[in-house]
Amino acid sequence: MSFQQDSAARDSFAVDTFARDVVVVGGCGHVGLPLAIALASRGASVTCYDIDAAAVAAVRGGRLPFAERGAALPLRRAIAAGTLTASTDPAVVGTAEHVVVVILGEQDADPAGLGPASIAGALGDCAAWLRDGQLLVLRSTVSPGATAGLEKLAADLGIDADVAFCPERIAEGQAMTELFELPQIISSRSARGLDRARELFGRLTSELIELSPEEAELAKLFSNAWRYIKFAAANEMFMIASDRDLDFERIRAAVAHDYPRAADLPPAGFAAGPCLLKDTAGLAAASHRFTLGAAAIGANEGLPGYVVARLAARYELQEMTVGVLGMAFKAGSDDPRASLSYPLARLLARRGARVLCTDPHVSQPGLVPLADVLAAADLLVVATPHREYAGLAARQPVADIWGVTGAGALL
């Protein structure tokens, strides 16, 4: 269905009235749903639009589709009060004054910039329901130029709408705290758009930082790339120490102890998740100057291979059952997206090991209970530092980069 063919349906709405305050496109996901709940808790009427029917059904029933600390009760309250709804019908995009888009960061878009065609593809059928008078807010991580791409799309559709980029900078699992406590970056090319973004996000926090759209796009990418680079530096130092059969964490603790200039040196471990790698790769693709980003990707993505190679030098993996503890991308999460636990398991299997994977939070076919892993495995590898593994009393050797078990890396 073309945008032009559906323009009559779109224009059937009165341009000066909206039934809802906010619609969040991709609103039942890890980024969209906490924002929707937070805005609803501050008095906004919000609709979550999502193509995931199961997630929509869960939200309608007052249930979280994923783990998010502190979100369950305000979700139930908002559903009961009618301030939060969820739908798979793209027409709901035309019912709200503010359209917050959180799906573009998940698309395989041109890393050098998202043009109108790729933005339209990401938005899908809901783009046909955009209306005059709306504020269109890009929320997810985008490549440089995406805001301008959405502006052009709106112009091509003949829509008189303001466009803003207000990046999400929330740690997964911490949204119901950080949405209210962290400063919010807002940007728009027009004064009116900036005023409207200020009003929308001013519902959540009083500290708003104003940038141009291009500055805001880079600010989001720089934030995640900087974190990713720091993790890469720690992981390469871990490899250097391990090559010498030395304990990196013992060295790191000594370096950072009462020494502020080294306090931000993180522990070693798998740096993964749906944002850090993607943002670093996108920035590297958009600028040939970002050699540090490319190097960081090599260091972090190469850590599973390094771990397996070290274990293979010590153990006859082809004769062993190896238990991989933790499949989520970070501790305490039920989100396995971009987790390096999976490459780790595949590399172990390629070495001939029988691999058993477990996680107390992730529900996926093929995962087995921890007790079964502990009973069957000859070697354990801690891939995700869930607190459930702290002080684990295991009869077999434990390779623990993170140090969560207290057993040491054994690499």
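Select Ser333: Ser333 is buried, at a relative accessible area of 5% (buried is under 20%, exposed over 50% and partly exposed in between, with a 1.4 Å probe and protein chains only). The model is predicted, so local features need pLDDT of at least 70 and side-chain atom pairs count only at pLDDT 80 or more, while totals for chains, interfaces and linings use all residues. Residues are numbered from 1 along each chain as its sequence is written, and side-chain values use heavy atoms, with hydrogens and water left out.

**Around Ser333**

Ser333 sits in the loop between β9 (321-325) and α14 (341-350). Helices (H or I, at least four residues) and strands (E, at least two) are DSSP runs, numbered from the N terminus. Now show the contacts of Ser333, where contact means heavy atoms within 4.5 Å. Leaving aside neighbours within four places in sequence, Ser333 touches Glu172, Ala328, Asp359, His361, Val362 and His386.

**The sheet beside the loop**

Next, select β9 and the strands that go with it. Four strands make an open sheet in the order β10-β9-β11-β12, with parallel pairing; two strands pair if DSSP finds at least two bridges between them. Which strands stand at the edges? They are β10 (354-358) and β12 (398-400), each with a single partner strand, so one side of each has no neighbour in the sheet. From one strand to the next, the twist averages 20°.

Zoom in on β9 and β11 (residues 379-382), which pair in the parallel sense over four bridges. Val322 has Leu379 of β11 as its bridge partner. Axes are lines fitted to C-alpha atoms, for helices over the stretch in contact, and angles run from 0 to 180 degrees between N-to-C directions.

**Pockets**

On a 1 Å grid over the protein atoms alone, a pocket is an open set of points with protein on both sides within 12 Å along at least five of seven lines; a cavity is a set where a 1.4 Å probe fits but cannot get out; lining residues have an atom within 4 Å of a point. Grid points are joined across faces, edges and corners, and a volume is the space filled by probe spheres set on the points.

Select Ala171, Glu172, Arg227, Phe329 and Lys330, which lie nearest the centre of the largest pocket among its 43 lining residues. This pocket holds about 830 Å³. Which element gives the largest share of its lining? That is α9, with five residues. The lining of the largest pocket divides into 22 nonpolar, nine polar and 12 charged residues. Ala, Val, Leu, Ile, Met, Phe, Trp, Tyr, Cys and Pro count as nonpolar, Asp, Glu, Lys and Arg as charged, and the others, Gly among them, as polar.

Move to the second largest pocket, with a volume of about 480 Å³. Of its 23 lining residues, Gly26, Gly29, Asp50, Ile51 and Ile103 lie nearest the centre.

**Cavities**

There are two cavities of 30 Å³ or more. The largest cavity has about 100 Å³ of space. Select Arg139, Ile170, Leu182, Pro183 and Gln184, the closest to its centre of the 13 lining residues.

For the second largest cavity, of about 40 Å³, the lining includes Phe270, Ala328, Phe329 and Trp402. Its lining residues divide into seven nonpolar, three polar and no charged.
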